[in-house]
Amino acid sequence: MADYRALYQEVILDHNKKPRNYGTLEQASHHAVGHNPLCGDHISVALDLSRDPESVECINGIAFQGESCAICKASASMMTVAVKGKTRADAETLIQEFLAMATGKLDLDRPNHIGRLAVFAGVRDLPTRVKCAILPWHTLHAAFNSVATASTEAAQDPMHAPIGNA
Amino acid sequence: MNAVLTAFHRRSASAFDVERIRADFPILQLEIDGKPLVYLDNAASSQMPQAVIDRLVRYQTSEHANINRAVHYLSETATSAYEDARRKLQRFIHAREEREVIFTSGTTDAINLVMHGYGRKFIKAGDEIILTTLEHHSNIVPWQMLAEEKGATIRVVPINDAGELLINDYEDLFNERTRFVGLMHVSNALGTVNPVKQMIAFAHARGVPVLVDGAQAVPHLPVDVQDLDCDFYAFSGHKLCGPTGIGVLYGKAALLESMQPFKGGGDMIMSVSFEKTNYNTIPHKFEAGTPAIAAAIGLGAAVDYLSAIGMDAIAEHEGELLDYATEQMKHMTGVRILGTAANKAAVLSFTVDGVHPHDVGTLLNQEGVAVRTGHHCAQPVMQRFKVPATSRASFAFYNSMAEVDALISGIRSVQKVFA
């Protein structure tokens, strides 16, 4: 069985205590709220998306806020750090890699963009906590598509599966 | 006086041999990640003693067939074991007659039966249904569905900061439109034991029937439905050391007879033609289809097991666990107990400052301690205390003082991680 302590590493505890990019965004172009109905947690993500001269969409600014557990809050905080200044396409790739990692489907030995986010790899052994880690990423995805709300339980959600399979 | 009390407690504690009882539960020998399992999620589901497991094995290996049908040996054996189980449950809750005990799939199913069988027949537009803030979602949602269908209104009894129902407010909710009361006996989220007998008497004086959700009461207290004088009493088998998929609805015979069936099918009929179907008598009218025969028989064995220990002894031991845990937790900096009612049973809901309940749960699990974290299917209670969720330790008679110590030291390590 996994060592759960591995999940509560210094970096996660630090981002939980001092979340980066926490609050509101003055010039938000995109916004979404994500809910985890299992625990009532919610996260809102605001984006300032603009097109550069080559018409590539870039994340100029990002902020989040909400009520959540340490895993969810640290995941959101580190997500904002990771995607700020990135193109939308790069951020979308990172979302897919993060979701794959959290569900144990990403081979971390192969080239990827996960970097420091690898501290969340341990949630794959805690099926009930996977949803906590991925909620911010689903919410970011929803914000890109200007979907009003994201949910880790929504029917169209790729993670909508019995918890044991999540 | 104190010395006498202490001596009494010491004697009663030694009379209750928790280690001998623990040996009856194979699952309690498990280790989680190298640590002995400390199972404190009994309000969600309790564990099963060997006697119940053995009864299930005996049924499946030598008694199983469908009931109420064939004349062969196995069908008669199974029917007789199933009806024996009904009588055991009748005695366990002190129902007047065995036909007042209906086997359901659980508390939720039992409440839905009353909603469909009684509510849809007798509750009309403009009528009012009284529920309490403490209710589990299973005693809220069915009534909301009914209210929406009929144009009825739900009125809600508030609670105070200790998690106790405000009885004056309850009484003030009654008027000439009040038709039904749904009431929890023991709160699953806070442990509050509600004064249901008094509340039932008040409702009856106004001609209003009362359903009691006893899911959290039956495992912890002696329950006498005749003494309570409730009209309906619902509970689940799997919180009572029995299997999942079985529960009981007790109802007064006259009320059950006046109700319409909930589910239609086999077993619940006397005769069927395409012109007219005559329904069976109670309890069969409400047991359409092949029931959970094995589970009902297992539940019968579970109440035999509990009765042999004695519900009074169980309540006393659990009271000692709760007092001991409360006393320690009360003095922990940064830990807040939710639910401080004067009359409580077996549940300790708490929050740890600066730590989300899910993190508390994951870190306690690392110490082998199983607690529930979340809203406990009682979101109105969470809203009342302005928290999204809590951690909940819920005790059973097979828990020990040492397990309370493991819980407390586990909470200390959670605080250390988040210090």
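## Where the two chains meet

Between chain A and chain B there is a count of 1 salt bridge. It pairs A:Arg129 with B:Asp359, and the closest N and O atoms there sit 2.9 Å apart. Keep in mind that this is a predicted model. The elements that supply two or more residues to chain A's side of the contact with chain B are helix H1 (10-17), helix H2 (70-83) and helix H4 (127-144), each of them in chain A. H1(A) brings the largest share of that side, with 3 residues. Sorted by class, the side of chain A that touches chain B has 13 nonpolar, 2 polar and 4 charged residues.

What about the contact as a whole? Here 19 residues of chain A are in contact with 15 residues of chain B. The area buried between the two chains comes to about 1,500 Å², and carbon and sulfur atoms give 56% of it. There are also 7 residue pairs in polar contact across the interface of chain A and chain B, with both partners at pLDDT 80 or more.

## Helix H1 of chain A

Which residues of H1(A) are buried? They are A:Val11, A:Ile12, A:Leu13, A:His15 and A:Asn16. These buried residues pack against H2 of chain A together with helix H15 (401-417) of chain B.

## Salt bridges, across and within

Over all chains, the structure holds 28 salt bridges. Let's go back to the one formed by B:Asp359 and A:Arg129, at 2.9 Å from N to O. B:Asp359 lies in helix H13 (residues 357-366) of chain B while A:Arg129 lies in helix H4 of chain A, so this pair joins two chains. Buried or exposed? Both B:Asp359 and A:Arg129 are buried. As a bit of background, side chains of opposite charge can pair when their charged atoms come close.

Chain B has salt bridges of its own. The side chains of B:Arg120 and B:Glu149 meet in one, with 3.1 Å from N to O. B:Arg120 is in helix H5 (residues 107-122) of chain B and B:Glu149 in helix H6 (residues 141-150) of chain B, so the pair ties together parts that are 29 residues apart in sequence. Both ends are partly exposed: B:Arg120 has a relative accessible area of 33%, and B:Glu149 has 44%. Another salt bridge links B:Arg179 to B:Asp127, with the closest N and O atoms 3.5 Å apart. Since B:Arg179 belongs to strand S7 (residues 178-184) of chain B and B:Asp127 to the loop between H5 and strand S5 (128-132) of chain B, the pair ties together parts that are 52 residues apart in sequence. B:Arg179 is partly exposed at 32% relative accessibility, whereas B:Asp127 is buried at 7%. Finally, B:Glu128, B:Arg155, B:Glu176 and B:Arg177 are joined into one network by salt bridges that share partners.

## Cysteines

How many disulfides does the structure hold over all chains? The count is 0. A:Cys69 is in no disulfide, and the nearest cysteine sulfur, which belongs to A:Cys132, is 3.9 Å away. A:Cys69 is buried, with a relative accessible area of 0%. B:Cys377, on the other hand, is partly exposed at 25%.

## Loops worth a look in chain B

Start with B:Ala396, in the loop between strand S17 (390-394) and H15 of chain B. This alanine is buried, with a relative accessible area of 5%. Apart from its neighbours within four places in sequence, B:Ala396 is in contact with B:Asn42, B:Glu318 and B:Leu321. B:Leu321 is 75 residues away along the chain, yet its C-alpha atom is separated from that of B:Ala396 by 9.0 Å.

Next comes a cis peptide bond, which joins B:Ile282 and B:Pro283 with omega at about 0°. B:Pro283 lies in the loop between strand S12 (277-279) and helix H11 (293-309) of chain B.

Two residues have a positive phi without being glycines: B:His94, at about 60°, and B:Cys241, near 65°. B:His94 sits in the loop between helix H4 (73-92) and strand S4 (101-104) of chain B, and is partly exposed at 39% relative accessibility. B:Cys241 is in the loop between strand S9 (232-236) and strand S10 (247-251) of chain B, where this cysteine is buried with a relative accessible area of 2%.

How values were computed
Residues are numbered from 1 along each chain as its sequence is written. Chains are lettered from A and ligands numbered from 1 in the order in which they are written. This is a predicted model: local features need pLDDT of at least 70, side-chain atom pairs count only at pLDDT 80 or more; totals for chains, interfaces and linings use all residues. Side-chain values use heavy atoms; hydrogens and water are left out. Contact means heavy atoms within 4.5 Å. Buried area is the accessible area (1.4 Å probe) that two parts lose on being put together, summed over both. A salt bridge is a side-chain nitrogen of Lys or Arg within 4 Å of a carboxyl oxygen of Asp or Glu. A polar contact is a pair of N or O atoms within 3.5 Å; within protein, one must be able to donate a hydrogen and the other to accept it, and residues adjacent in sequence count only if both atoms are side-chain atoms. Helices (H or I, at least four residues) and strands (E, at least two) are DSSP runs, numbered from the N terminus. Ala, Val, Leu, Ile, Met, Phe, Trp, Tyr, Cys and Pro count as nonpolar, Asp, Glu, Lys and Arg as charged, and the others, Gly among them, as polar. A disulfide is a pair of cysteine sulfur atoms within 2.5 Å. Buried means under 20% relative accessible area, exposed over 50%, partly exposed in between (1.4 Å probe, protein chains only).
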